[in-house]
Each structure stands twice: as structure tokens, then as C-alpha cells.
Amino acid sequence: MGFDKHIFISYAHVDNAPEGERQKQWVSDFHRDLEKCLNRVWGQKPDIWRDDTLRGNDYFEKVIEQQLSKVALLLSIISPRYIESEWCLREMESFCREALKNGGLLLGKNRDKSRIFKVIKTELEQEKHPQAIRDLLGYKFYGTLKGEKIEFNSLYGSEAEEAYHRELLKLAYDIRDLLKVLLSDTAESVPKDDGIAVYLAETTSDLAEAREKIRTELQQRGHTVLPSQPLLYTENCENAIRENLEKCKLSVHLIGSVRSGVPEGETRSLVELQKILAQEKSSRDNFFNHLTWFPIGLEPKGTQQENFIASLRNEPDFLQTGLEELKTLIHQRLNPSSQRAIKVPSETDGIKRIYLICGEADRATVRPFRKKLFHQGFEVMLPLFKGDEGEVRQHHQDCLCTCDVVVIYCGNVKESWFQTKLSDLRKIPGYGRTQPLLAKAVLVGEPYTEDKEDWCLTHEAKIFQSFDDFQTHLNQILQRKQSPC
């Protein structure tokens with residue numbers, strides 16, 4: 001399929017008016033930045049064109065429409081002025097008409113990839129968007145920062161500039177993928193890459209930014225991310241989720257602090273529904289994995305959301321970590337060969353290792369116990385309390401893989417901290433450990449409260465109220481292990 005130009009940018013000229021002391025022009029800057037970004041992610045320089053000189057309807061039929069018939073993609077910069085511009089709307093109508101003659105307006109196996117890209121520069125009610133692109137998700141170049149609604153622009157500071165470039169990168173990857181289709185002489189389906197299809201579940205607004213970061217990184221690694229279009233809160237929502245899940249080998253569910261909306265005819269929220277359907281697929285498909293993530297430091301709001309998150313905590317694939325740790329685990333699930341098979345080093349050096357998991361506030365409390373075990377010949381490892389998120393998490397996983405015994409000390413910690421550490425014990429095989437632990441223990445320390453006694457109850461580890469009781473148990477285990485059969 002031949003085209004003279006890759007992209008035509010349609011915009012209202014008032015949106016390119018000079019702003020600020022440096023007389024920045026948003027559309028001109030966007031044009032330049034998109035060209036650079038596409039050149040980087042696509043590997044070749046795109047041919048992007050926009051009309052920055054022509055005026056008046058006299059030239060439309062002769063010049064613009066002639067050019068639009070040879071353009072692969074239309075990029076419309078939506079703003080209040082754009083939807084009032086007869087010129088802009090005629091450009092869109094003309095492109096739609098010409099696209100039908102040259103490959104069609106919608107591409108992909110399911111005809112769900114539009115050759116029009118909607119860049120929303122200024123917040124505008126969706127019902128006011130032109131009919132041809134009203135149902136497209138679009139790329140939002142505006143938002144709320146520090147309580148103020150702004151357009152993403154370096155004039156508003158570093159955070160606004162970072163948000164601008166993040167959305168630009170997302171747009172560039174999607175344009176690149178569609179250009180590959182259009183320039184491959186076939187528009188029957190989206191080109192297959194070497195990656196895996198991943199279902200990245202829709203989530204609530206508080207985690208929208210985290211979801212987009214994951215989406216961008218997955219695309220950078222060559223994976224297909226579904227759903228490709230936003231789910232509609234209609235009675236057909238469940239079928240749409242099932243269809244997308246069937247194409248995937250992994251689903252990732254980001255759980256926010258508030259309950260999401262409920263589709264028509266449903267009692268379950270959209271987030272809950274996606275999670276339930278993924279669990280159903282996992283139960284019948286041994287090659288399908290799913291991960292559920294609740295960020296560290298986030299607190300659920302409302303009884304329904306509290307109960308929902310509480311029901312997820314005991315799942316082996318429930319994570320309460322930082323975002324970077326989640327991205328690392330996603331990569332490991334998509335590339336199992338990247339995981340190491342780790343044996344316990346005591347099999348070769350004879351040293352017994354105890355991983356004593358405690359909070360930083362309890363480090364001084366456990367110090368005498370650690371020294372006592374050390375003088376008895378044990379190597380006692382503690383978590384890292386300083387360092388970046390990735391280093392802390394990697395050290396934690398390495399200790400779980402290389403120790404002989406795990407002790408979770410519950411002193412000045414919260415229930416969520418304890419549940420996260422207990423959950424990590426279930427995930428040890430996934431971290432690469434090949435040998436079972438000799439012992440798993442929970443040591444309940446001060447302050448003693450009825451609540452702590454309740455949430456420390458578990459059958460997954462033996463519970464102790466004192467260091468001495470634990471040490472007696474440990475000695476008994478080691479004696480049994482050393483006794484001849």
C-alpha cells in the first residue's frame with residue numbers, strides 16, 4: 001500500500017499561538033517532538049506534514065484533499081476551537097472518505113485499529129468530539145497537577161513536561177505499530193511480533209498512570225497489550241473481557257484504593273469482574289498466569305473495597321510492592337528462562353542460614369537474638385533497610401532463596417506488612433528456589449495486642465511467643481535432620 005506521507009496533523013491554528021516569554025508554540029513543538037520520538041522507536045524518520053500556511057476554503061479541494069488521499073494516518077489535535085472549525089472538520093471528513101478508497105479506515109483482525117489518532121490537547125467533554133472519533137480512547141495531553149488543571153507543557157514545570165513526554169512515547173509506539181501494518185502491503189491484521197499477548201486490566205484513576213507505564217514498557221519489549229480499546233460498561237462487557245483474555249498468556253490486575261464502576265446488569269465492579277474471569281481462565285489453562293498488585297502505602301477506602309482486597313491477600317500471586325518490582329516480576333513471568341534455579345548453599349558449605357525478617361523499627365530489638373544465633377554457628381541475615389526499591393526487593397528474594405530457615409518477627413509492624421511477608425513465603429518457588437525450607441516461623445514480639453494475636457494466626461508457619469521457644473524448636477529440627485534413618 002503506497003503513501004506519499006506518513007502522518008497529516010490536523011489542528012486549529014489558534015492552538016499554535018505563541019505562549020509565555022519564550023513564545024512557545026504547542027503544535028510546532030509537538031510536531032518536532034513526535035518526529036524525534038517516532039524516529040527513535042521506529043528506526044526511521046517519519047514524514048509528517050501539517051498545513052501551516054494555507055488559509056481559506058478556496059484551496060481545500062485542490063491542495064488539502066489531494067494530499068489527504070496519499071496520507072497513511074491522520075492525527076487530530078482536539079481542542080474547543082478544533083470542533084468549532086469548519087476547516088478542521090472538513091479535513092477529517094475528507095481523510096475518512098479517502099481512507100475508504102485506500103485500505104479502509106479501520107484495520108486489524110477485529111477492525112479495531114483506527115487510522116485516525118486523537119490527541120486531546122485541552123479537556124473537552126467526549127460527547128462534543130467529532131462523531132468519527134468520539135469512541136476512540138485518545139491520548140490526553142492535559143491533566144491535574146497539584147490540584148490545578150493544566151495542559152502538558154514545559155511552561156508549567158518539570159512534572160507537566162514529564163507527563164507530556166510520557167504520553168508522547170505512548171502515542172509514538174501506537175503510531176509505529178499501525179504504520180508497520182499500512183506499509184507492509186497488507187491491512188488484514190496487526191503485524192505479529194515476537195512478544196506475548198498480555199491482558200493489562202483496566203483499573204481506577206488513581207492507578208491510571210502506573211498502568212500506562214507498564215503498558216509502555218510491555219510494548220517496548222515487543223508484547224501486545226489488550227484490551228486495545230477501553231471496555232464499555234455495557235451488558236457485553238463480560239464477553240469482551242473473555243475474548244481478550246483468551247488471546248493472552250498473562251493478565252495483570254492493578255487494584256486501586258477505591259471501587260471501580262459497575263457494568264450494566266452486573267453487581268461486580270469492572271475491576272472485580274476482570275479478576276474473576278482471569279481466575280476462571282487460570283483454573284482451566286495451565287499455561288495462563290495472572291498477577292494482582294496493590295501498591296505499598298495505598299489504603300483501601302470503603303467497606304466493599306476493604307473486603308475485596310482482604311479476599312485477595314492470601315492468593316499466591318498477590319503482590320504489595322513498588323511499581324518497579326511489579327514490572328520485574330511481569331518480565332520474569334513472560335520470560336521464565338530468565339529466572340535462576342537457586343539451591344541452598346548450605347548443601348555445599350555446611351553453614352545454616354536463618355533469614356530474620358523484621359521491620360526497621362525492630363532492628364535493635366532482634367539484635368541480641370541475632371548475636372546469640374551467630375555465636376552458635378548460624379549465619380543470620382536481615383532485610384535491607386536502605387537502598388532503592390529494586391535492590392531491597394532483590395536482596396529479600398535472594399535471602400528467601402538461599403536461607404535454611406525463615407523467621408518473621410512481628411513487633412512494631414502493621415498487619416499489611418505481615419501479610420505481605422507471609423505471601424512472599426508462598427512465592428519462593430517462583431523466585432528460583434529448588435529446595436524446601438527446614439522451618440518457617442512467626443515470632444510475636446512487643447507490643448502485644450489482641451489484634452496482633454488475631455492477624456498473626458496462620459498454619460503456614462509455626463508461631464512462637466519468645467526467642468527461647470523458637471530456638472528450642474530449631475534445635476529439635478536440626479537434631480532430627482542429623483539423626484541416621
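This is a predicted model: local features need pLDDT of at least 70, side-chain atom pairs count only at pLDDT 80 or more; totals for chains, interfaces and linings use all residues.
Me: Why is the pair of F369 and F470 called edge-to-face?
Reply: The ring centres of F369 and F470 are 5.9 Å apart, and a pair requires centres within 6.5 Å, so the two rings count as a pair. Their planes stand at 75°, and because planes over 60 degrees apart count as edge-to-face, that is the name this pair receives. The pair links distant parts of the chain, with F369 in helix α12 (residues 363-375) and F470 in helix α17 (residues 467-482), 101 residues apart.

Me: How do you know whether F369 and F470 are buried or exposed?
Reply: F369 has 3% relative accessibility and F470 has 1%, and since buried means under 20%, both residues count as buried.

Me: How do you know that the span of helix α8 agrees with what its residues should give?
Reply: Helix α8 (residues 270-284) has 15 residues, which at 1.5 Å a residue should span 21 Å, and its end C-alpha atoms are 22 Å apart, so the two values agree. Among the buried residues of α8 are L270, V271, L273, L277 and A278, and what covers the buried residues of this helix includes α7 (237-246), β12 (250-254) and α9 (303-312).

Notes: Residues are numbered from 1 along each chain as its sequence is written. Side-chain values use heavy atoms; hydrogens and water are left out. Rings of Phe, Tyr and Trp (its six-membered ring) pair if their centres lie within 6.5 Å; planes under 30 degrees apart count as stacked, over 60 as edge-to-face and the rest as tilted. Helices (H or I, at least four residues) and strands (E, at least two) are DSSP runs, numbered from the N terminus. Buried means under 20% relative accessible area, exposed over 50%, partly exposed in between (1.4 Å probe, protein chains only). The expected span of a helix is 1.5 Å times one less than its number of residues. Contact means heavy atoms within 4.5 Å.
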